[in-house]
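Hi,

Here is the structure I said I would pass on. Have a look, and then read my notes on the aromatic rings below.

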Amino acid sequence: MDNRFICIHGHFYQPPRENPWLEEVEVQDSAYPYRDWNDRINAECYSPNTAARIQSGEGKVLDILNNYTKMSFNFGPTLLSWMKDHAPDTYQSILQADIESRELYSGHGSAIAQVYNHMIMPLSNTRDKRTQVVWGIEDFKSRFGRDPEGMWLAETAVDNETLEVLAENGIKFTILAPRQAARVKAIESDNEWTDVSDASIDPKMAYLCKLPSGRSINLFFYDGPISQELAFGDLLKDGANLANRLAGTFRDDESPQLVNIATDGETYGHHSKHGDMALAYCLNYIETNNLGKITIYGEFLEKFPPKMEVQIIENTSWSCIHGIERWRSNCGCNSGRPGWNQNWRAPLREALDWLRDTMAPIYEKGIAQFTEAPWDLRDDYIKIILDRSPENLEKFFSKYSHNGNGLNEDEKTKILKYLEMQRHAMLMYTSCGWFFDEISGIETVQVIMYAGRAIQLLNELGGPDLEQEFIRRLESTVSNIPEVVNGAHAYLSYVKPAMIDLLRVTAHYAISTLFENYIEDTSIFCYEVFNEKFDTIEAGKQKMVTGRARMRSKITYEIVQVTYAVITLGDQNIYGGVRESISDEAYEKMKSEMTEAFNKFNIIEIIFTMDKNFGNHNYSLWHLFKDESRKVFDIILKKTLEEVEFSFRQIYENHYSLMQAIINTRLPLPKAISTAVEYVLNTDISKILKNPDPIDREKLYRLADEAKKWSVNLDRDMLGYIASRRITALIERISEDPTNSDLIEEASATVRTLNGLGISLNLWKGQNILYYIAKEHLDTMRTKAKRGTQYAKKWVESLHSLEDSMQLKLS
């Protein structure tokens, strides 16, 4: 049917989780067994949607689909920035999907842009609205190589000024919830407006929204009921049901109709397991059964321009029935924690507004010597955020040199610090900071950390110290947790300790050198280390490192020359000192004094000498950044854990008969004994899975049986994670040598063994690789096997065995 169109939009977004001082996501234990939540959600959703299997009712794999080619989507710029570095295969598949979609949809790409860091636009001032849109557009262009046609608004929060800014910057359309429409009428018609403020707008067409300035923008309104069922119901359990539900809303007439839905993209795999496969099946089912034509908003808009005009209800969103109150008041929208309130939301926003508005004139005055258009300069800064290479920086700075002379290094750093202050002053408005229930929650602490970084940058620029007043204002943000008290306490407990400067970076570097060998020059997150002197002495467990280096921020290009000394007396007993650099003579004197104290192994004298040379700038293991801290403690604990394992193994082996007697009388093992047994069994199974040699199936099953026998818990999440990675690595080896039947047999035996362990395995990547191997080679090998070729017969048999083990049906 040529007049029936279906568009599925996914809003793919994660709140920025980067440490504002390191520009990297640190390890997040709550994402276990993955490193962090971006890593976990990529594995569960973003990556699977690049290669989602379409299966028949009998389970046969019919095809593999990059879902992004057949749906409308947007990705948050900050998420794509993380993905480019940490999930490059997924990142490239997403970009490729947009290229391929242009062949499908009359030159229109499936990707649309997003306001930069998910700021609630109606609550933003005009300057921030403009920068959010400009940065979102520039980020999109740098990745997808074209101008965006549409732009997603955070939480679809909208007002007329936001639409004006979109239109002013060439955005053709955005997508809203049905309850955000106020009234409609035919374009250029004298008919009266029809009220649709009860969410009764017809979502099957595009609408024109004429704006006060005389500009206009096109609006789409998604189908609310289906989107709700998909996001919060069980509609995604069956792709055919979803397809029929979508097609079932078409009217029985000849007018062009667009059934369109919009949900969080994480619905397809993270919130709903195997949602990626259900989506792929749905898209395929729609096309093969001619239920409608899959399209995207840009193509539909070109083919069927609006015939109706719409006016919006300002200050509304898709996730708060009270408009936009979820981001500024205790409106009742929350995650459902009984007895808690969100009275903290209003004073938090007021504190941030005060901070933003206090810093704005300071920024304007401070940057005035370089430009007469400070806010245009901020808009232009996205080009540096996207490419911080020295060459691009010089190109950027050449536009702002004064009197025809180039900028000196201090002036460059000054400009960058002012711009970074402004970047963080926008990041602190990321919507997630207000979405959840508690002022001390991870998302809210994150936005307060951005505020802390902006305050620190202003201090470094010689501006007024705003920290104490900001903390005072946070006292009004009362926590639901008595121990937290309020936002001021959260700031002092979580934000203040996280703050770092170049001396703290040096301390991290110096302490790290006690445990690993750095090359002469190295990088630590967004900092560079250029070593000038490096001296070390060791005596048994004790070790001392002294040195001089230049430390440079890759973000602000600030550079400091530093001197450091650090000593470990064994285990966690570490003492370090850092100061700005001293003369060669003073350095040699310091090294001599430290060496003398070290050789005496006199802790009191070591600490005294450290204080004498470095004053208050003393550091310990506590000052390591989170990832390195974990790595160092693993090294420190290695011998301890070996001793623990030995002791637990002695308990397990020496008291086996006693344990047998206990369970024979149907009594549970004492906790002290069961803990030892659990540790030993998990350790032994993990060692088997990590060992590259062929798996000892008999031993593995015996260990699993032991766990059942003693009623102890296996760490199924971690064991499943390790096992899944091993399987994927085996299948990847086969893809490098696809006709090697011995490799296939090894993989088949391994997967069968691991299936018998009773742990959850993530097989999708290996299954997809196997599908492509079979697609390329299976028919040829079958033909050869029928002709009597023995190696081909063995290959086919081995592949079918692996196919069964991988729970895959290829034929």
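This is a predicted model: local features need pLDDT of at least 70, side-chain atom pairs count only at pLDDT 80 or more; totals for chains, interfaces and linings use all residues.

Searching the whole structure turns up 35 aromatic pairs. One of them joins phenylalanine 470 and tyrosine 491, edge-to-face, with 5.9 Å from centre to centre and 75° between the planes. Phenylalanine 470 belongs to helix H17 (residues 467-474) and tyrosine 491 to helix H18 (residues 487-495), so this pair ties together parts that are 21 residues apart in sequence.

Next up is phenylalanine 648 with tyrosine 679. Their ring centres are 5.4 Å apart and their planes sit at 80°, so this pair is edge-to-face. It ties together parts that are 31 residues apart in sequence, because phenylalanine 648 is in helix H22 (residues 626-654) and tyrosine 679 is in helix H24 (residues 671-690). Tyrosine 679 is partly exposed, at 28% relative accessible area.

There is also an aromatic cluster to click through: Phe12, Tyr46, Tyr68, Phe73, Phe75, Phe140 and Phe144 form it.

Finally, charges over rings. The charged end of arginine 326 sits over the ring of phenylalanine 435, at 3.6 Å from the ring centre. Lysine 185 lies over the face of tryptophan 193, and here the distance to the ring centre is 5.3 Å.

Cheers

Definitions and conventions. Residues are numbered from 1 along each chain as its sequence is written. Side-chain values use heavy atoms; hydrogens and water are left out. Rings of Phe, Tyr and Trp (its six-membered ring) pair if their centres lie within 6.5 Å; planes under 30 degrees apart count as stacked, over 60 as edge-to-face and the rest as tilted. Helices (H or I, at least four residues) and strands (E, at least two) are DSSP runs, numbered from the N terminus. Buried means under 20% relative accessible area, exposed over 50%, partly exposed in between (1.4 Å probe, protein chains only). A charge sits over a ring if NZ of Lys or CZ of Arg is within 6 Å of the ring centre and within 35 degrees of the ring normal.
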